[in-house]
Amino acid sequence: MTHVGIGYDVHQLVAGRKLVLGGVEIPHDRGLDGHSDADALLHAIVDAILGALGERDIGTFFPNTDPRWKDAPSTLFLREAGKQVEFAEGRIVNIDATLIAQEPKIGPHIQLMKETIAEALNMNIKRIGIKATTNELMGFIGRGEGIAAMAVASVQLPDNHGQS
Ligand code: MG
């Protein structure tokens, strides 16, 4: 059976942090604030994958109170989500995501983000969609106070998934 999951994440843009999105470091005057590298795109994708499995959110797997995840690269969380799919004897069919950022320009980095995600999940790059949009200068995203991401994941799972 095919299951779908949805994910959403948002982090605040602050001075003195690197900006990492989709596992790619992007030159910018500010970065996303958080316990890990605060990669909102990967966090949304991880939640979408976990959601398709009927699991709880990324924070229950990787609590932000655990010093092990301090400044951790979120590709580590993505790999773990991929492992959870393997444990469930499943296969990710496709992932689609949208980044919402007023600045910086995301377009030039999308190909490398896709390559990074495809490598971490051992997936064909053609099964990964990443788009980006601004917030038309409206609200907290439009003012450049933060960056948000939404994602869906489709996962093929055995018919008896969740039954013991
Ligand atoms: Mg997050």
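I began with K18 and E25, and both are exposed (over 50% relative accessible area; buried is under 20%, partly exposed in between, with a 1.4 Å probe and protein chains only). I note that this is a predicted model, where local features need pLDDT of at least 70, side-chain atom pairs count only at pLDDT 80 or more, and totals for chains, interfaces and linings use all residues. Residues are numbered from 1 along each chain as its sequence is written, and side-chain values use heavy atoms, with hydrogens and water left out.

**Entry 1**

I looked up E25 and found it in strand β3, residues 24–26 (helices, H or I of at least four residues, and strands, E of at least two, are DSSP runs numbered from the N terminus). Its relative accessible area is 52%. K18 and E25 form a salt bridge, with the closest N and O atoms 3.9 Å apart (a side-chain nitrogen of Lys or Arg within 4 Å of a carboxyl oxygen of Asp or Glu). Leaving out residues up to four places away in sequence, E25 touches K18, L19 and V20 (contact means heavy atoms within 4.5 Å). I also checked E25 against M113, 88 residues apart along the chain, and their C-alpha atoms are separated by 9.5 Å.

By this rule I count 9 salt bridges. One of them joins K131 to D96, at 2.7 Å between the closest N and O atoms. This pair links distant parts of the chain, since K131 is in strand β6 and D96 in strand β5, 35 residues apart. K131 is partly exposed at 36%, and D96 is partly exposed at 29%. Salt bridges that share partners also join R17, K70 and D71 into one network.

**Entry 2: helix α3**

I turned to α3, residues 75–87. Its 13 residues reach 18 Å from first C-alpha to last, close to the 18 Å expected at 1.5 Å a residue (1.5 Å times one less than the number of residues). Which residues of α3 are buried? They are T75, F77, L78, A81, G82, Q84 and V85. On the face turned away from the buried side I found the exposed residues E86 and F87.

K83 and E80 meet in a salt bridge of 4.0 Å, N to O. They are 3 residues apart in α3, so about one helical turn separates them. K83 is partly exposed at 42%, as is E80 at 21%.

**Entry 3: backbone angles**

Most residues other than glycine have a negative phi, and most peptide bonds are trans.

- Just after α3, E89 takes a positive phi of about 60 degrees.
- N122 has a positive phi of about 55 degrees, lies in the loop between α4 and β6 and is exposed at 73%.
- E136 has a positive phi of about 50 degrees, sits in the loop between β6 and α5 and is exposed at 61%.
- E103 and P104 are joined by a cis peptide bond with omega about -10 degrees, and P104 is in the loop between β5 and α4.
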